[in-house]
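Here is a short tour of one structure.

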Amino acid sequence: MRYVSTRGQAPVRDFSGVLLAGLAEDGGLYVPETWPSLSHTDWRALRGLPYPELAARVIQPFVGTSIPFATLQRLCRESYAGFGHPATVPLVQLDHDLFACELFHGPTLAFKDMAMQLLGRLFDHVLTAQDRRVTIVGATSGDTGSAAIEACANRDRVDIVILHPQGRTSEVQRRQMTTVLAPNVANVAVDGTFDDCQDLVKAMFADAPFRAELHLSAVNSINWARVAAQIPYYVAAALALGAPDRDVAFSVPTGNFGNVLAAWAARRMGLPIARLVVGSNRNDILTRFLASNDMSVRGVEPSLSPSMDIQVSSNFERLLFELLDRDPAATAAAMAEFRARGQMPVPVPAWQRAAKLFHGFALDDEGTLAEIRRLHAATGYLADPHSAIGIAAARALPCPGVPIVAMATAHPAKFPDAMERATGCRPPLPSRLADLYERVERYHRAPNDLAAIEALVRATALRNAA
Ligand SMILES: *Cc1c(COP(=O)(O)O)cnc(C)c1O
């Protein structure tokens, strides 16, 4: 399997190449040169498999010859072995035609673990084969950092340094990062905001000698391998509900568009998906785009669903490339205009094709709390604020005669304050995390200063290279 950049000016790479490269050199995102396609017989053969085995078979066409299938099977088994539910991604029925697919049984209780657990192992495998090491640096406001740390802790070929804004993450989020005491993990609390942390990471990547010396790498949501690792759970849910002999629909609470793009990819591979509902909080750029072809950037507003407080959905570029009939020059031009003017120019026929499949739905904080309360009263189910938006969106935009699956992306115990406001109860952490508040924390504190941060990154990498 070969991969091309959405902007057409970067080298064609294989799976291992795009895994390690992340972003393409031309600023574009890597996409498969051709999409694999499965027949009805192929889909049926996946029915009833344990999730790790299903995942390996669905991901295999994207890996191609980069990694032997037996190795991929083992990495998938190891990735999901630590999950807190034997079904890995259980389906819960909420109404006669409405289901939740729980993606939050991984080590950090959010759906990022689904892809990140595999990504860490894929990195280690490919780096060992090439006898290389990398230093992963990243900035986090909460969920992504902890998922990346859990995925990379104790991997032989990877060091990871994650910056978070001192005092600006929730205590659960901070402890999920700082209580991982593996020697190849460093957390840095920066005296500054999340934007300052992100600027420091960008500055490290822009410092060419430093970048080369430390072999800097990233595991952010534009990495193709993350999208690929998110396709199998759409397949698992659809098969459980009768696909390929029956259509299904999905509702996805969305930020960077990575999760719902994986659903689109499953459909592109032949899974009969009749509708994709895209849920947003008050940061509703995608809802405006789907309703009226208005993708214009406004300021980011904080909400009860912080992982969706995003204006520019980086993975949208992959869908745009497809909507523009895979024309890299047109994609590059549209992205340049979007960056310059804050308004994405999508030709009307392309937008119409998107709006036929994707339906947008936005819910503010009051609506989110009301949905958590309603669902709890009606069914006893506790949905976190992100998942509640997906469930409300599924209820608002049903597809007649077709079961709809709302992707549940975080465990309610990650957002105890919102849950208490809505329902009066604080959901407990699962038993494997129950002692989180007693665990020893370790992190560095640093000023918002590039030289100080680079010194910490260098010290972490040197300690382990020896
Ligand atoms: C990251 C995240 C999302 C958004 O997913 P995207 O792939 O960025 O669209 C939704 N909910 C939770 C809990 C998340 O952590």
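## The ligand and its surroundings

In this predicted model, a nitrogen atom of the ligand sits 2.9 Å from an N or O atom in the side chain of Thr-409. The protein covers 96% of the 380 Å² of accessible area that the ligand has on its own.

Backbone atoms take part too. An oxygen atom of the ligand lies 2.7 Å from a backbone N or O atom of Asn-256. For Asn-259, a backbone N or O atom is 2.9 Å from an oxygen atom of the ligand.

| Residue | Part of the residue | Ligand atom | Distance |
|---|---|---|---|
| Asn-256 | backbone N or O | oxygen | 2.7 Å |
| Asn-259 | backbone N or O | oxygen | 2.9 Å |
| Thr-409 | side-chain N or O | nitrogen | 2.9 Å |

Which residues come nearest to the ligand? Of the 15 around it, they are Lys-112, Gly-255, Asn-256, Asn-259 and Thr-409. By class, this shell holds five nonpolar, eight polar and two charged residues.

The largest cavity has a volume of about 40 Å³. Its lining includes Val-31, Trp-35, Trp-224 and Val-227. Leu-261, Trp-264, Ala-265, Arg-318, Leu-319 and Glu-322 also line the largest cavity. Three helices, α10 (224-230), α12 (258-268) and α14 (316-323), each supply at least two residues of this lining. The lining of the largest cavity has eight nonpolar residues, two charged and no polar.

The second largest cavity has a volume of about 30 Å³. Among its lining residues are Thr-254, Gly-255, Ser-280 and Asn-283. Gly-255 is also one of the residues that come nearest to the ligand. Others in the lining of this cavity include Ile-285, Leu-286, Met-308, Ile-310 and Ser-313. Here the classes are four nonpolar, five polar and no charged.

## An open pocket

The second largest pocket has a volume of about 250 Å³. Its lining includes Trp-264, Leu-319 and Glu-322, three residues that also line the largest cavity. Arg-267, Arg-268, Leu-323 and Asp-325 are in the pocket lining as well.

What is the make-up of the pocket lining by class? The lining has six nonpolar and five charged residues, and no polar ones.

How values were computed. Residues are numbered from 1 along each chain as its sequence is written. This is a predicted model: local features need pLDDT of at least 70, side-chain atom pairs count only at pLDDT 80 or more; totals for chains, interfaces and linings use all residues. Side-chain values use heavy atoms; hydrogens and water are left out. A residue is near a molecule or strand if one of its heavy atoms lies within 4 Å of it. A polar contact is a pair of N or O atoms within 3.5 Å; within protein, one must be able to donate a hydrogen and the other to accept it, and residues adjacent in sequence count only if both atoms are side-chain atoms. Accessible areas come from the Shrake-Rupley method with a 1.4 Å probe; for residues, only the protein chains shown count as cover. Ala, Val, Leu, Ile, Met, Phe, Trp, Tyr, Cys and Pro count as nonpolar, Asp, Glu, Lys and Arg as charged, and the others, Gly among them, as polar. On a 1 Å grid over the protein atoms alone, a cavity is a set of points where a 1.4 Å probe fits but cannot get out, and a pocket is an open set with protein on both sides within 12 Å along at least five of seven lines; lining residues have an atom within 4 Å of a point. Grid points are joined across faces, edges and corners, and a volume is the space filled by probe spheres set on the points. Helices (H or I, at least four residues) and strands (E, at least two) are DSSP runs, numbered from the N terminus.
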